[in-house]
Amino acid sequence: MKAAAAPAPLAPAPAAVSWRLRLPRARILELGGRPRVMGVLNLTPDSFSDGGRFLDVEAALDHARAMLADGAELLDLGAESTRPAGRTYGTGAATVPADEEVRRLLPVLERLRAETDVPLSVDTRKGAVARAALAAGADLVNDVSALGDPEMPGVLAAAGCPVVLMHSRGNLSDMHRHTQYADVVGEVRDELAAALAGAAAGGVDLAQTVLDPGIGFAKAGRQNLELLGRLDALAELGRPLLVGASRKSFIGELTGAPPAGRLSGSLAAVAWAAWHGAAILRVHDVAATAQFLAVFDAIGRASIAQSPRDGESA
Ligand code: HH2
């Protein structure tokens, strides 16, 4: 009896693209193929899902070590919450002066740098903070304002380090009023292309850039789903994609779960982003994500190994 034809995959498997980003001290960050897990280390009193938990340096270091042991391949250290104002979070996070951000970051960053060679990213919108963090051993800058600070391009160009350019509109206090899109996917893609052009004009090497759709930033519920559903359109820009959907409010809107109860929904977003070629997944729950991806990747490899060769029947 002839076997039934294999069901079509949910979506075309992503093309095998890879990138080599240069890190300080002659190290390389290889991206492409399977996604890399970036663990979130929030050194803030007011982050939306874990604010206040890692304010103490030793608690922050313990959490960082645990994420590394659990499989994080990059860590993202943030000392200013980007929790936006709006219906979900009220007035949003308070802006943190640069010297306070540096005061929260450096003690943890310096100790971590002495312990690990894993790429350390600093999540900041401020050029002055990025400069101080890079001098203290950070490897890359994660800028949710995509170079909103005119000082930032010069800092990046001087350091020659990678940078994540995330899509957003307005600022933290008013982004919830900038969610009108006729075509959210097309407009985010065009605005990310403009961010790349601005970065190049500021002297940033485009080969060192990573792009991010900015899930939850100037996006209303459904717009986040549309963006996640069309990562392929953003991949057309030719740069690796970072996706940060972990515990975000669109999951709460779909399920009613509070931030700490959004792991299953976060893993659904991880699966989708991984399948559609995301290079970096920024997550709070590293152990669960790493285990999920290990199995997801193993099944994908086994399916390729068993798929019938051209001309052979299934
Ligand atoms: N999301 C947050 C912060 N930084 N950076 C990038 N590149 N992409 C994201 O989606 C992203 C980000 C928000 O999450 P979290 O850090 O947990 O919360 P808070 O900003 O409240 O500290």
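Trainee: Is E151 buried, partly exposed or exposed, and what is its relative accessible area?

Mentor: In this predicted model, E151 has a relative accessible area of 36%, so it is partly exposed, since that class lies between the limits of 20% and 50%. R131 is likewise partly exposed, at 44% relative accessibility.

Trainee: Which residue forms a salt bridge with E151?

Mentor: The general idea is that side chains of opposite charge can pair when their charged atoms come close. Here, E151 pairs with R131, and their closest N and O atoms are 3.0 Å apart. E151 sits in the loop between strand 6 and helix 4, whereas R131 belongs to helix 3; the pair therefore ties together parts that are 20 residues apart in sequence.

Trainee: Where do E187 and R169 lie in the chain?

Mentor: E187 is in helix 5, and R169 is in the loop between strand 7 and helix 5, 18 residues apart. Their side chains form a salt bridge with an N to O distance of 3.1 Å. R169 counts as buried, because its relative accessibility is 16%.

Trainee: Are K126 and E80 buried or exposed?

Mentor: Both K126 and E80 are buried. They form a salt bridge, with 3.2 Å between the closest N and O atoms. K126 lies in the loop between strand 5 and helix 3, and E80 in the loop between strand 4 and helix 2, so this pair joins parts 46 residues apart in sequence.

Trainee: How many salt bridges are found in the whole structure?

Mentor: The search finds 26. Salt bridges also link R25, R27, R113, D117 and D139 in a network.

Conventions
Residues are numbered from 1 along each chain as its sequence is written. This is a predicted model: local features need pLDDT of at least 70, side-chain atom pairs count only at pLDDT 80 or more; totals for chains, interfaces and linings use all residues. Side-chain values use heavy atoms; hydrogens and water are left out. A salt bridge is a side-chain nitrogen of Lys or Arg within 4 Å of a carboxyl oxygen of Asp or Glu. Helices (H or I, at least four residues) and strands (E, at least two) are DSSP runs, numbered from the N terminus. Buried means under 20% relative accessible area, exposed over 50%, partly exposed in between (1.4 Å probe, protein chains only).
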